[in-house]
Amino acid sequence: MIINMNEKVLRVLEFHKIIASLVDRASSVPGKQLCTELKPSCDMDMITKEQTETADALTRLFQKGSISFSNNKDVRPFLKALEIGSILSAGELLKIANVLECTSRIKAYGRSDKEDSLRDSLSDYFDCLEPLTPLSQEIRRCILSEEEISDDASSNLKHIRRSIGLTNDKIHTQLTSMVNRSYRSYLQDAVITMRDNRYCIPVKSEYKNQVSGIVHDQSSTGSTLFIEPSAVVELNNQLKELSIKEKEEIEVILAGLSVQTADYIDEITVNQNTLTQLDFVFAKAGLAMDQNATKPIFNTEHIIHIRKGRHPLLDKKKVVPIDVNLGRDFDLLIVTGPNTGGKTVSLKTVGLFTLMGQSGLHIPALDRSELSVFKDVFADIGDEQSIEQSLSTFSSHMTNIVSVLNQADADTLCLFDELCAGTDPTEGSALAIAILRFLHDRGIRTMATTHYSELKIFALSTPFVENACQEFNVDTLSPTYRLLIGIPGKSNAFAISSKLGLSDAIIDSAKEEISAENESFEDVLADLEISRKTIENERLEIASYKEEIEKLKHQLTEKQERLEQSKDKILREANEKARDILQEAKDVADETIRNFNKHGSTLSVKEMEQSRQKVRDKISERNEHLVLKSAPQKAAGAKPVKLKLGDSVRILSMGLKGTVSSLPDQRGNLFVQCGIIRSQAKIDDVVLIEDDDITQKLPGRSSSGRMKMSKSATISTEINLLGKTVDEAIASLDKYLDDAYLSHLPNVRIVHGKGTGALRKAVQSYLRKVKYVESFRLGEFGEGDAGVTIAEFKK
């Protein structure tokens, strides 16, 4: 249901400028026309549907880029002509072909490479498009341009045009012979020309009797006659007949194409309407992208909660975002502050957001901003002085206010700028309080700006009425344009005057004119402002700490998970290696036993020692593979004089413990009994240990062989690009994506913020070029929304 919104509020809130911006983003004439007809709706289902369509179109723009509907020509008049059996011209048929080709391109754009489970609210629009490719190809085959029909359009046309060509050649041959030979001296110029679509030659008037033929024209001076020689009259007649046949054949071709097109009037009509609707929806999405806007959450409780809202008609790089609450804890908001401090902009932002949201447009604010559905919006903003009606500014405003009070109810939103200004302050403040109380008693959501101090007291003393102010920096004598809810605005007249050089004597004299009660009230406001700034700074600091703690907690959790995964992998590989070692040891032992049983006592001691040495060599070789090399330990080496038989030692290179079974020889070699194995070691490779030290570290777990974790144990699943320029961000992102992909991460989270959208566009443009990125999307609710991009890697 479309609201019959009063035209005045649309004009006052400058809704027509939003519509103009929307029209600029539509690419077809029917789409632009649909944009100009956009009006707010009060049907919750329709609003939800249109907001969802805008959001889905915005997602497609981010994922697939922009799409043009410029070839969606308005062919509805041509279709009506076909309904009554008319024959369309070549240009009209080409426009229908343009629409069909546009339909094919848009349908391909809407086709998803994913499963049908990823369908959105626009999928049905794309599904109902019928490109009718054979028809568009047939039109293109027959018609080359609005002025030219193809020779291949029909065999008869091709034959006629071949005959025309041959006849032309014959005429030119005869006329060329005349011009260059027999009639050369009679001619004004040796050229062949056309008059009345017949070939002629320019003959000097004095020789007209020398050239037999038909005179078709003469020059302005009469000195030249354009004569069709008798020899080519018959050929010119044939050429004329062929031209008539050509036109008749073209009519037949156009009639045939018109009949073919008439069979698909319903399909073409559906295509036209669908393309127009999609152009309209993508225009809304394009506007949202340019404004960095988000989808608002609508409610029926008349609650407004705008988070960091930016007036859509101001420069998004300069405008200061505001937070506005209305309807949850209070239904009346009174805003005070200095002139040019942003009060009117805040007022218009609330009203314009309401109109935009109810029109299916996204609003330039943070996600999860809330709006409500109002059946009408009333605004008394600006100087409405009427000279024609002899009304003063106050009278004009009061006329508007009376009209608002007569029409407003609980389902409307009322906005007043400088309520009851322009008259005696005492009476004006009393009237303003009475008007606001009238609206408040009826539960009408109202936002008003004022300079009256009495309204601040009214807000402080009345339940469900709240103060707000536009912050002002006294030091710089300039407003900050921030809207502070819950704090009444303090008058800065004395401070500003003092900063501008007004003498202290005059200021002190002025202060004496203020009652003690008013002065005390201003002091309370000053104290409140100091307390507010202190609390806000502390809040920001706490929020920063919380964010940092959450980030560290997240990183610690990820690191712990990777460590657990690495631990399991190391243990599994160690068990596999141990199994291989045991199997090899068993094989060697089995072979040794077989040899001993086979040879028995015939086996010499030397051969047995050689076999044992082979076993020791294999053990040493295996230990060298298992032990990770590192810097030699700085443990105290055992001297030969300190060792004695039975001492407990550790062989550093093997990571094994045992007891000394022989003293070192002259080369420093000794034997150590390690369980059932007697190993030879160098004196420099053993250290003394305590007998009760029975804890044996696994190979590869000593301090000298600590394994390095792979990059996947330390690489984060998120990169923060906030605060960086586009070039810096892309350079950091390039290295980070390489590391993340090599670490086998399935996806990563790229934090680029919302801001102007330039960094987000640059990041997503770069992701399209990265070959190992499977896909990317904006964050969803809880993931960071439009402030982050989630990139999925190819598997």
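1. Two strands pair if DSSP finds at least two bridges between them. With 2 bridges, strand 18 and strand 19 (residues 669-674) therefore count as a pair, and they run antiparallel. Within this pairing, Thr659 has Gln673 of strand 19 as its bridge partner. The model is predicted.

2. Strand 18 also pairs with strand 17. The two cover residues 656-660 and residues 648-651, respectively, and are antiparallel, with 4 bridges. Val649 lies opposite Gly658 of strand 18.

3. Look at the turn between these two strands. Strands 17 and 18 make a hairpin, with 4 residues separating them. One turn residue, Gly655, has a positive phi of about 70°.

4. Helix 4 spans residues 44-64, 21 residues in total. From first C-alpha to last it reaches 30 Å, close to the 30 Å expected at 1.5 Å a residue.

5. Both ends of helix 4 deserve a look. At its start, a side-chain oxygen of Asp43 comes to within 3.0 Å of the backbone nitrogen of Asp45. After the helix comes Gly65, with a positive phi near 90°.

6. Which residues of helix 4 are buried? Among them are Ile47, Leu58, Leu61 and Phe62.

7. For the whole protein, the count is 21 helices and 25 strands. Of its 795 residues, 42% count as buried. Among contacts between residues at least 6 apart in sequence, 68% join residues at least 24 apart.

Notes. Residues are numbered from 1 along each chain as its sequence is written. This is a predicted model: local features need pLDDT of at least 70, side-chain atom pairs count only at pLDDT 80 or more; totals for chains, interfaces and linings use all residues. Side-chain values use heavy atoms; hydrogens and water are left out. The expected span of a helix is 1.5 Å times one less than its number of residues. Buried means under 20% relative accessible area, exposed over 50%, partly exposed in between (1.4 Å probe, protein chains only). A polar contact is a pair of N or O atoms within 3.5 Å; within protein, one must be able to donate a hydrogen and the other to accept it, and residues adjacent in sequence count only if both atoms are side-chain atoms. Contact means heavy atoms within 4.5 Å.
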